[in-house]
Amino acid sequence: MRGLGGLRKPGGGLQSGANSGTIAGMNETTPYIPPKVWTPPESSGGRFANINRPVAGATHEKELPVGKHPLQLYSLGTPNGVKVTVMLEELLAAGHRGAEYDAWLVRINEGQQFGSGFVAANPNSKIPVLVDRSGPQPVRVFESGAILLHLAEKFGAFVPTEPAARAECMSWLFWQMGSAPFLGGGFGHFYAYAPEKIRYAIDRYAMEVKRQMDVLDRRLAEVPYVAGENYTIADMAIWPWYGQLAKGLLYESGEFLQVHTYSNVVRWAERLYERPAVRRGRMVNRVQGDPASQLHERHDASDFDLRTQDKLGQ
């Protein structure tokens, strides 16, 4: 019988790690049969096993810090976090002084997103979170797409006002919100982070990611920016995921996915990366890569020159 445990290498024999559901301590060809009622394992394995849990809510008391600026961002330099820091840097570059912000680092691998203050700001315990303190009462905004839209409407920037153009921008913004889980939680997880390489899972999500890249490539053959003639929050939402993928910066998967073949996406990705605000936004709350590209926290524009990790000697 042909099952997931029987996937074959080109030269014959079983492919190591091909079984999609092995049970710890048992032969890897033993199929996983789901029980009637699921119970969480002692460890789910993989890079984020220590913070995975089936319940919400705070695990410890810790208030969020508050800086001097009207906008307080609690985040990490993942693609979802980069969306918001790019937007904030673009707003400042466009002369919107009210967009000054403090960016506080949230180390999700240490479970800091489960502190009581963070959970009060985002019951879903995911980065990024924005607390807008520019008005009489603080306003919490969570989910990266909601933050982008909040800022765009607050400052009247990077979102069209004409109905048809706005609808196009919103469509692509929410295309990203719906599509990226297949790239991150699907392909990225099984290709880069899962404790074993599962061919079915990698094939399934690689197929979908390449389809998504083709969607973008066809769109960008027609227009310079995703929503049309102008740079918008749709580009800011999509670039940290699909632009960085096109540049070979996600999951070391560029060759595997042959990202260079999506020439229109590559051209668009390079065009955006030339923007100084995009480069700065990518540095904020970043904790990996070249120390000169890591600005763990941002509280002033001068921090880009003075407080990157190479300058701090850490």
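Which residues does G67 touch, not counting residues up to four places away in sequence? With those neighbours set aside, G67 touches Q72, D102 and W104, where contact means heavy atoms within 4.5 Å. The model is a predicted one, in which local features need pLDDT of at least 70 and side-chain atom pairs count only at pLDDT 80 or more, while totals for chains, interfaces and linings use all residues. Residues are numbered from 1 along each chain as its sequence is written, and side-chain values use heavy atoms, with hydrogens and water left out.

G67 is placed in the segment before β1 (71-75). Helices (H or I, at least four residues) and strands (E, at least two) are DSSP runs, numbered from the N terminus. With a relative accessibility of 25%, G67 counts as partly exposed; buried means under 20% relative accessible area, exposed over 50%, and partly exposed in between (1.4 Å probe, protein chains only). The C-alpha atoms of G67 and L130 are separated by 13 Å, and these residues are 63 apart along the chain.

Two of the contacts of G67, D102 and W104, point one way from β2, whereas Y101, A103 and L105 point the other way. In a regular strand the side chains alternate between the two faces of the sheet. Strand β2 (residues 101-105) is mostly covered, with five of its five residues buried. β1 and β2 pair in the parallel sense over five bridges; pairing requires that DSSP finds at least two bridges between two strands. Q72 has D102 in β2 as its bridge partner. From β1 the chain crosses through helix α1 (residues 79-93) to β2 in a right-handed β-α-β crossover, that is, the path from the first strand over the helix to the second runs clockwise with the strands pointing away from the viewer.

**Aromatic pairs and charges over rings**

The structure holds twelve aromatic pairs. Rings of Phe, Tyr and Trp (its six-membered ring) pair if their centres lie within 6.5 Å; planes under 30 degrees apart count as stacked, over 60 as edge-to-face and the rest as tilted. Two of the pairs are tabulated here.

| Pair | Centre to centre | Angle between planes | Class |
|---|---|---|---|
| W172 and W175 | 5.5 Å | 65° | edge-to-face |
| F187 and Y251 | 6.3 Å | 70° | edge-to-face |

W172 and W175 both lie in helix α4 (residues 163-193), three residues apart, about one turn of the helix. W172 is buried at 12% relative accessible area, and W175 is buried at 18%. F187 is buried at 0% relative accessibility and Y251 at 16%. Ring pairs also join F187, Y191, Y193, Y251 and F256 into a cluster.

A charge sits over a ring if NZ of Lys or CZ of Arg is within 6 Å of the ring centre and within 35 degrees of the ring normal. R53 lies over the face of F114, at 4.2 Å from the ring centre, and the charged end of R204 sits over the ring of Y205, 5.0 Å from its centre.

**Helix α8**

In helix α8 (residues 263-273), the buried residues are N264, V265, W268, A269, L272 and Y273. Seen down the axis, they fall within an arc of 165°, so they line one face of α8; the arc is that of the directions from the helix axis to the C-beta atoms. These buried residues pack against α5 (199-220), α6 (233-246) and α9 (276-283).
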